[in-house]
Amino acid sequence: MTPAESRRLTVAGPPGLATLLESLPADLAAAAGEVAARASLLVGTAVTIAWWSDTGWTALAGPGTGIAGLPRGGPSPCAPVERRGLVIPAGAAVALCWDPGTDVEPGAWQLLRQACVWLSLVLADSSATGRVQDADAEAEAVRDVVAQLLSARDVDQALHTIAERTLRLLDSDICGVMLREDDVVRMRACVGNRVAETARLRMHRGQGVAGLVFLTGEPAKVDSYLEDETISQDFMSLAEKEATRSALAVPLRLQGEFVGVLEVWRRRRSIFTERDVRRMVTLADFATVAIDNARLHDEQAAATADAERARDALQHQVSVLDRSSRLQHSLLTTVVEGGGLPAIMRAVATELDCEIGVYGPDGTLLAAHSGRRLVSSLPATVGRPARRRRTGAGRSWIRPVYADGDEVGQVVLLPGGGSDEMLEVTAGQVAMACSLALLRERAASRARAEAIEQVLWDLLQGPVEHRLAARTRAQQLGLALTGALRVVHGRIENVEDLAAEHGWDTSGTERLRRHVLRTVRTLDDGRGLALAGLRGDLLVAIASDVGRAEAKDLVTAFSAAVRADWPDLRMTWGISREHRDVVALPGAWNEARTALSAARRLGGQNAFLYEELGIVRLLLGSGDDPDLQTFIEDVTGPLVAYDRDNDGALIRTLRAFFDADCSQRLAAERLFVHHKTLRYRLERIRQLTGLDLSRHEDRMRADFALRLLQVNQTAGDDGEAG
């Protein structure tokens, strides 16, 4: 190169450099590359273009030669620097670096300084344009995020949208939304996480970055999660699993109240800038609005759903009530028209296509209907009457049935085509209809019972003409008064004691008395006495064709049936002799009362027959009629008749037996008969009278009857003599 060419290059620079510095480049990187190439020709070695940023000097073009020579962090871009290997004009943000060992012609420094200033202007213009573009892009992104957030219709959707949009806008790897629950914040939405534990995070005040925000109420960030000392160590192991490096969290506030935390994490080394914090705060503000809108939407939706459910429930109830009203009308019509339990069962089963049965107090099935089913699932018997009950598996509805204050059975309903509400209502209606039907039946039974009771008392207390009329009415009622008749008289001994023990009122004691009367009238084995009545605690009945042993068995069965339900109840019984004519029933009643009195006074037995009382009946009989002649006739009558018809000597033999102090040998000697003859006569006496002379009681009865017979005969002889 000639000296002139070298001088021209020194002044004008490489071919095209001056023209380049006069141009307006559109691309900073291309312009920097051109300057680096031409500066390299000017200096004679590789030149690097560096630019100043918040983090220090960064190579913009060239191979990077000489940039290491800049002080760490770089000098202020406003201070001029010009030394071997480095040019930084005053106010420029661009530096030219090369090998400091290369000499540069003095005339080239001016051109290098101009290149630095030109690149600084290009950089400034490019930065301004970039900031405007970035601002526009950020505004557009925020508008998109806000639109997405405000369109979320439920809380979970809103939280998920917040997490996704924040993740993108903050160029992060993980984002989570944590909401406050009392003294903790709990992760409600999380995106980008690798570990499931992250989605289940719960933080107390001061724990981790979110806990720090919860504690202070201010944004918080860390640039190196595992090395930062401003946060607690609670979640370091989780940070290692997620490979997090930096984090940023801001509070969520709604009307000034802290409601949660919005947090992002990056897995690369980076620094969250103040611009990032402002973005997060802006997003958090919109997020809380979105959360509130979603909550209001959820509440409104829930209120609407509640209103719809309430409307549906009300419509269902109206439908149930309408249907149950029609069924109730049908049931009442059935009862009024005289339909019994079978008609009620049929009406319900047909209407609801269900199985229904009514059971009596003993658990036996009285009436049932199975709807359209060919085979019934109803049990043949059930346990004791149940209270209001609905069973579980294979559910059924059970309701008690009452009549006259007594629980007389139960209704069992098995589901079919009706709803549970309908069956619940129906079970009660059927129980009521059954109660009315049974009351109707009981009214008829009560009228019959009253008529029977009037017949009973006319037979026992009325004058002769009333007794004869009562016998006719008894025949009309289907009650036969034929054969041998006995009056059965009973007494309930301790009903008042039971009432005091169980706390019964008057209705309770009357219920017990009715139960006793019902037992006497309808004994399970069919031996009930239809002609029976009750006055207070005293019960009277008339039995026909009942012998001595049968009579005792009968009253024993009555007592056992009553005690099956009331084990502590005590009853005492007295039974009259047999009488063939209803006209003699008042006397039979007196005998039964005497036997009852003996049973109560003597004790030891709960039932006495009048003919077994012996002389006791003379002591307990009424003063107006001591019944002496009847007593004499019972014992001696058969003997007197035998002696008269057979020319016998049974009366004389019996007298001799007692006069000999019941010694058969001595009595035989006094009668001048063989002792076998005497034994034969005593056996004959036993057969005719039923007296066992080996028993003291029977001996006393026979002896007393003989003495009374002798007194009567003597009195008769004296009357004739007079």
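## A pocket, a helix and some charged pairs

Strand S15 (397–403), strand S16 (406–414), helix H10 (420–461), helix H13 (506–521) and helix H14 (548–565) each give at least two residues to the lining of the largest pocket. Keep in mind as you look around that this is a predicted model.

How big is the largest pocket? Its volume is about 2,000 Å³. There are 46 residues lining this pocket, and those closest to its centre are Asp406, Arg442, Arg514, His515 and Arg518. Which element supplies the largest share of the lining? Helix H13 does, with eleven residues. Sorted by class, the lining holds 19 nonpolar, seven polar and 20 charged residues. If you wonder how such spaces are found at all, rolling a probe the size of a water molecule over the atoms shows where empty space is left.

Helix H9 covers residues 341–352, twelve residues in total. From its first C-alpha to its last it reaches 17 Å, close to the 16 Å expected at 1.5 Å a residue. The buried residues in H9 include Leu341, Ile344, Val348 and Leu352, along with Ala343, Met345, Ala347 and Ala349. A general rule is handy when you view such a list: an α-helix has 3.6 residues a turn, so residues three or four places apart point the same way.

Next come the charged pairs. How many salt bridges does a search of the whole structure find? The search finds 30. Three of them are set out here.

| Salt bridge | Distance, N to O |
|---|---|
| Glu181 and Arg186 | 2.8 Å |
| Lys241 and Glu197 | 3.7 Å |
| Glu424 and Arg399 | 2.9 Å |

Begin with Glu181 and Arg186, which form a salt bridge. Glu181 is partly exposed, at 29% relative accessible area, and Arg186 is also partly exposed, at 29%.

The side chains of Lys241 and Glu197 meet in another salt bridge. Lys241 sits in helix H7 (residues 236–242), while Glu197 is in the loop between strand S7 (184–191) and strand S8 (202–204), so this pair ties together parts that are 44 residues apart in sequence. Glu197 is partly exposed, with a relative accessible area of 36%.

Glu424 counts as partly exposed at 25% relative accessibility, whereas Arg399 counts as buried at 5%.

Finally, look at the cysteines. A disulfide is a covalent bond between the sulfur atoms of two cysteines. A search of the whole structure finds zero disulfides. Why is Cys190 in no disulfide? The nearest cysteine sulfur, that of Cys175, is 7.8 Å away, and a disulfide needs the two sulfur atoms within 2.5 Å. Cys190 counts as buried, at 17% relative accessibility, while Cys662 is partly exposed, with a relative accessible area of 24%.

Notes:
Residues are numbered from 1 along each chain as its sequence is written. This is a predicted model: local features need pLDDT of at least 70, side-chain atom pairs count only at pLDDT 80 or more; totals for chains, interfaces and linings use all residues. Side-chain values use heavy atoms; hydrogens and water are left out. On a 1 Å grid over the protein atoms alone, a cavity is a set of points where a 1.4 Å probe fits but cannot get out, and a pocket is an open set with protein on both sides within 12 Å along at least five of seven lines; lining residues have an atom within 4 Å of a point. Grid points are joined across faces, edges and corners, and a volume is the space filled by probe spheres set on the points. Helices (H or I, at least four residues) and strands (E, at least two) are DSSP runs, numbered from the N terminus. Ala, Val, Leu, Ile, Met, Phe, Trp, Tyr, Cys and Pro count as nonpolar, Asp, Glu, Lys and Arg as charged, and the others, Gly among them, as polar. The expected span of a helix is 1.5 Å times one less than its number of residues. Buried means under 20% relative accessible area, exposed over 50%, partly exposed in between (1.4 Å probe, protein chains only). A salt bridge is a side-chain nitrogen of Lys or Arg within 4 Å of a carboxyl oxygen of Asp or Glu.
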